[in-house]
Amino acid sequence: MKRWLLWFLFAPQFFLLAGLWRDLGLPPLDVGVLLCMFLAMFAQRSALPWLLLGAAAGRAIVDEAGLPVQLLVLGIPVAVLLPLRSWFFGQRWIWQAGAAALCAIAIPKLAGLFGRVFQQPSQSASLDLVSVIWAALLLPPLLSVLRWLPPLVAFEEEA
Amino acid sequence: MNRQKREAFPAGLYGMLLFALCCLTLPGIFAPVERALVGGLCLLPRAVSAWAGIPAQAAAEPRLLAQLRDLTEDLHTRVRQYDLDVGAPELLRDYTPVLCGVVASERRGRGGGGGGQPSELRLDHSYAELADCCEFVTKGNVLLGFLQKAGRGEAAEDPPEALARVLLLNHASARSVAAVVNLPDGGSLRMVVKPAAAVDPAPLRVDLWDDPYRAANLDRPGLPVTTIALPSLPGEPPAGLWLGRTRIWGYEAAVGEDALTIGVFVVPPFEPRALSHVVAWRRRADSQTAPAPESPLVALRHQAALEVRHAAYVWDLPGAVHGRHLLSCDGPVPDGAAVVQDGICLGTARGLAFGLGLVTSFPASRQRWNLLLLPQQPGLRPREITGQVVGSQNGIAILQWRGDSFDGVDERLPAGYLFTGSNGPHCPPGLFLGYARSEGLPQDRVEVTTASQSGPRTAEVVVGGGGR
């Protein structure tokens with residue numbers, strides 16, 4: 001129970017912290033990509049739906065589109081990457097960087113697609129190649145640190 | 001084995017994606033869950049915002065507020081002038097106008113109305129308020145559609161106190177209209193204009209001609225089509241109202257061969273999505289027994305009179321250079337409510353539980369806006385357009401717009417002041433957004449400069465009464 005409380009209390013706030021990070025003039029951090037990677041590669045499978053809900057709710061705070069669109073935008077990359085987890089489980093940096101780049105491209109594209117279909121367009125639908133590069137470079141090391149800290153550590157799947 | 005199967009098929013994840021699709025198809029049922037969940041998550045930023053400082057009171061200079069008031073008044077005056085006095089002086093002799101705001105444009109039926117466009121308007125007046133009005137509804141000298149009566153036809157299930165519905169000419173159930181086109185080489189052709197199909201290239205199509213042979217040789221697009229009077233039929237619109245311009249569908253003339261006209265369509269000059277004001281009409285003889293007609297300017301403010309404005313505080317969310325704000329209001333915040341600060345529309349809100357809301361500023365939003373442009377040059381016609389912000393930086397938004405073809409196609413927007421058009425019941429027309437200019441930009445783009453502020457501040461949330 002405590003781990004869920006921590007997840008819903010703090011995981012959505014990562015999106016706001018990323019805004020602060022960016023306000024300081026630091027390179028952009030896409031928390032949506034970060035959480036997608038955690039869910040797809042390291043999180044307990046049984047906890048995935050509710051972890052996804054917390055992540056999507058956080059993205060709904062900073063993005064114009066509603067919560068159901070965020071569930072699809074973050075959930076589909078997770079659903080695609082999840083079956084590949086056994087291949088990724090070596091946790092090689094190159095896999096993680098590739099997955100981060102893939103998510104950083106897929107998330108804006110999906111946001112654009114669902115924004116058009118469900119009339120909920122948002123600013124996050126624009127693909128920024130610089131952000132893709134930063135995602136591939138920064139997010140794997142950042143995730144490796146965050147995985148040892150709450151609330152992510154409580155949902156890490158045992159090998 | 002079972003564990004392996006569970007791992008291969010994460011049913012919970014797929015179930016959550018299915019749940020998201022259900023939420024999107026049945027938003028009314030799941031919206032309260034979303035409001036409660038996201039609202040609950042926003043309580044922490046709301047608590048933290050208490051340390052961000054005391055919200056500044058709205059503190060625009062009285063001179064600026066007076067300028068804004070003058071601009072809004074000028075907008076109302078020019079809308080009235082072009083929708084009534086300049087546009088339809090003949091009608092004013094026999095009829096009394098009722099200027100109505102448009103609350104929403106709706107698509108009905110599969111694929112919408114003719115040309116795939118919206119085919120119905122919801123007005124800010126009820127059926128009861130417009131009960132003694134004629135059926136035809138105009139904008140300037142353009143016939144738009146027909147006002148419905150409560151309990152009849154398409155409005156059979158609507159009570160008299162519901163917001164009145166107008167079937168546009170491209171609605172599948174709209175009546176056909178007798179019309180005439182004056183040919184450039186002299187003479188005229190009479191015709192019956194009816195709604196086109198949703199897949200057709202224009203909202204209206206010509207159904208019958210009085211001279212099909214001459215019609216088959218009609219190869220020049222852009223000819224104005226106007227109504228003709230049929231005195232023997234009750235409720236027909238007056239003669240001389242403009243329906244639109246012709247669009248020819250067929251094969252162009254080749255060497256040694258004539259052009260082959262397959263169909264003639266009519267393109268109305270106004271985009272239904274962009275309409276913010278329309279005019280219903282009472283016959284003068286009828287109005288002697290009816291209540292005294294309201295002045296057009298009063299009618300224009302009809303919707304404003306139904307509005308309630310709630311006091312609110314706005315805080316920038318981290319990264320708010322991207323235009324996202326947290327709102328705390330002393331009442332519930334409806335989705336799509338306009339947030340106004342110092343008389344300037346900041347953006348629209350997404351309502352959450354606990355009196356909270358999330359606001360996306362106009363430059364940061366990517367939603368489709370209905371807008372009113374008041375040209376800076378005095379005397380120019382106000383433009384009703386739809387637009388979508390395609391890029392923004394430092395409070396300056398690049399807007400991609402579509403508008404009317406009243407003055408011709410491929411027209412560039414003049415520089416002027418941009419106001420909200422009709423964007424639903426909680427975002428009424430006439431809220432100031434910024435200054436728009438189009439020099440040096442492609443024909444379908446304008447640059448809008450908005451007044452951006454930062455830090456915690458007071459604001460007002462507009463809650464319209466148009467949701468009856």
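**Exercise 1.** Which residues form a nonpolar patch on the surface, and with how much accessible area together?

*Solution.* The model is predicted, so local features need pLDDT of at least 70 and side-chain atom pairs count only at pLDDT 80 or more, while totals for chains, interfaces and linings use all residues. Residues are numbered from 1 along each chain as its sequence is written, chains are lettered from A, and side-chain values use heavy atoms, without hydrogens and water.

Step 1. The patch consists of A:Leu9, A:Phe10, B:Leu44, B:Val48 and B:Trp51. Together they have about 520 Å² of accessible area (Shrake-Rupley, 1.4 Å probe, only the protein chains shown counting as cover). Patch residues have over 30% relative accessible area and no salt bridge, nonpolar side chains being joined within 5 Å and like charges within 9 Å; a salt bridge is a Lys or Arg side-chain nitrogen within 4 Å of an Asp or Glu carboxyl oxygen.

Step 2. Helix H1 (2-10) of chain A and helix H4 (43-49) of chain B each supply at least two patch residues (helices are DSSP runs of H or I, at least four residues; strands, of E, at least two).

Step 3. A:Phe10, in helix H1 of chain A, has 38% relative accessibility and therefore counts as partly exposed (buried is under 20%, exposed over 50%, partly exposed in between; 1.4 Å probe, protein chains only).

**Exercise 2.** Why is strand S14 (residues 324-329) of chain B largely enclosed by the rest of the structure?

*Solution.*

Step 1. Six of the six residues of S14(B) are buried, so the strand is largely enclosed.

Step 2. B:Arg324, B:Leu326 and B:Ser328 point one way, B:His325, B:Leu327 and B:Cys329 the other.

Step 3. S14(B) pairs antiparallel with strand S13 (residues 308-316) of chain B over five bridges (pairing requires at least two DSSP bridges); B:Leu326 is the bridge partner of B:Trp315.

Step 4. S14(B) also pairs antiparallel with strand S17 (residues 356-361) of chain B, over five bridges, and B:His325 stands opposite B:Val359.
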